[in-house]
Amino acid sequence: MEYETVIGLEVHAQLLTKSKMFCSCSTDYADAPPNTHVCPVCLGMPGVLPTINRQAIEYAIMTALALNCTIAEHTRFDRKNYPYPDLMKGYQISQYDNPLSHDGWLAIEVEGGERRIGITRVHQEEDVAKLWHRTEPATGETYSLVDVNRAGVPLMEIVSEPDLRSPEEARQYLMKLRSILQYLGVSTGNMEEGSFRCDANISIRPMGNGGSTAKVEVKNMNSFKAVYRALEYEVERQRKVLEKGGKLVQETRGWVEEKGATVSQRSKEYAHDYRYFPEPDLPPLTISREMVEELRSRLPELPDDRRDRFMSQYGLSRYDANLLTASRAQADYFESCLELFPGGEGEKKAKTVANWLLGEYARLFNVTETEITECRVEPRHLVEMLGLIGEGTLSTTMAKAVFEEMFHSGRRAPEIVQEKGLAQVSAASELEAVVAQVLADNAQAVADYRQGREQALKFMVGQVMRATRGQANPQVVNEMLVKKLEEG
Amino acid sequence: MRLSREEVQHIALLARLGVDEADLQKFSEQLSNILENFEILQKVDTTGVPPTSHPVALSNVIRDDEAAPSLLPGEVLANAPREEDGCFRVRAVLE
Ligand SMILES: [Zn+2]
């Protein structure tokens, strides 16, 4: 039987504010010792009064607008109660039935165009404390240590409709969402560091059947790859259960990276009785339409718009434009290069720079596991190197070696070319001897050429290139050989 | 409405409060009284009255995003029953 996969994602993103959601503690806790960014409010002491951070609300509204959501006129916070020591108050301040925004969409690339994935809501809440689980060596007693630094950091929750139909679509959705948050500058979107987290709901159903089977919630996926692998695993697992005539149960499963499998998690006691009620310490928020329009006017050019502009302005393919605009830093880098690139045809320059970014840059980022934000080659240095190719000093083949050196050392192209003697040799006087030698050594090829075999010429050019370790300008060599051969 | 002994024990567990037999007696009495008062309130006809989540007519109490110094480490852990490596130490929780 053919099955259809149904996936909905729930993303939590930490916002890049200076202070926490409801108190003035600094959010810059990454390298801080435990419990040094903590005050009575985020510790959940009795009698304290939380106050809403304006910047966090503005960031959440900007995100909701970028995701085509409707912004609520009236919104309020609620208490979500559950007994777990990562909550200092015994509840998390979140939003329940009056969220900040609702009903939007995000477009992902699918074969033959794009598809809109519904966004149920974007709402605002607070992060929880970090727990470390330990065991007493002597007694075997297990216990937990609590670091409150992270508790109260603004956390934005973005919930999708169950519109995703494959693990690949889920991956696309996450990449696009992260890209939008990075363009907006509201979150780092770093999944490995935990500032961008994803839980998934996944079920499968017989194709064309429309009805729903038991939803499985998958947690503990700490990278884009983990999300993809965990969802692929779940599709297979659920299919096998159904094919054996078994029944799927609604449950929470955790992804275990080392096993490459999801494992059923014992449901927490009272886990689903959150007893939501309006947060009495925070008066509701009224979001004026003027504020919404003011924030809308502050939205930057977003990935989809930038892709469309790259296609029309620079004549790039949709595929290349998508890759280049996926990260704001890369798209900025690309446009900086074009601005610095002197003269010439716009589209041709764009194609050249795009080829480098999507070729050698991408390859080296992959090998070194780095990103463009850490790149030691500045746009002006790439343009300088491209200039050397343009004037004939550097061959395209040599340029790749030079670029690799620039990439690793941060040194500039002219310096490397000079030091390593990599400059292309275009002067006929310097090539005369090698050309003569190759002609003398390859009598057969000479004879073949004279009988009209063009291949023989290519072979001899290759021999000259080899003898000069690739430094000869192949076009000049070609011309010299033809001249010599014609002279007889 | 009367709260049973078991219900009070369950609530005490959720609130992580240790209660003895005398407490159970006292609290089931007091908590039941509170619930009975709500039963009186529930008799009021509220047809056509919109729900209120906040008794004070305030809205948009909001602050600018400025960081201020936090507590000193000694202050943070001053009331901690147990501590270790600068952290609160608590009983193990099953995931
Ligand atoms: Zn605080």
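An axis here is a line fitted to C-alpha atoms, taken for a helix over the stretch in contact, and the angle between two axes runs from 0 to 180 degrees between N-to-C directions. Keep that in mind as you explore this predicted model.

**Stop 1: two helices in chain A.** Select residues 303-314 of chain A, which form helix H6, and then residues 318-325, which form helix H7. Their axes are 9 Å apart, and the helices pack at an angle of about 135°. That angle makes H6(A) oblique to H7(A). Turn the view and look for the right-handed crossing of H6(A) and H7(A).

Now show the side chains. From H6(A), pick A:Pro303, A:Arg306, A:Arg307, A:Phe310 and A:Met311; they meet A:Arg318, A:Ala321, A:Asn322, A:Leu324 and A:Thr325 of H7(A). Colour these contact residues by type and you will find 5 nonpolar, 2 polar and 3 charged.

**Stop 2: the whole of chain A.** Zoom out and colour chain A by its domain assignment: domain 1 (3-296), domain 2 (300-420) and domain 3 (428-487). The centres of domain 1 and domain 3 of chain A, taken over C-alpha atoms, are separated by 66 Å.

**Stop 3: where chain B meets chain A.** Next, bring in chain B, where 32 residues are in contact with 38 residues of chain A. Which element of chain B supplies the largest share of its side that touches chain A? Select strand S3 (87-91) of chain B: S3(B) gives 5 residues, the largest share. That side of chain B divides into 17 nonpolar, 6 polar and 9 charged residues.

**Last stop: a strand pair.** Click A:Ile52 to find its bridge partner in S1(B), B:Ile62.

Definitions and conventions: Residues are numbered from 1 along each chain as its sequence is written. Chains are lettered from A and ligands numbered from 1 in the order in which they are written. This is a predicted model: local features need pLDDT of at least 70, side-chain atom pairs count only at pLDDT 80 or more; totals for chains, interfaces and linings use all residues. Helices (H or I, at least four residues) and strands (E, at least two) are DSSP runs, numbered from the N terminus. Angles under 35 degrees count as roughly parallel, over 145 as roughly antiparallel, 65 to 115 as roughly perpendicular and the rest as oblique. A crossing is left-handed if the near helix is turned anticlockwise from the far one by less than a right angle, and right-handed if clockwise. Two residues are in contact if their C-beta atoms, placed from the backbone, lie within 7 Å. Ala, Val, Leu, Ile, Met, Phe, Trp, Tyr, Cys and Pro count as nonpolar, Asp, Glu, Lys and Arg as charged, and the others, Gly among them, as polar. Domain bounds come from an automatic or database domain assignment. Two strands pair if DSSP finds at least two bridges between them.
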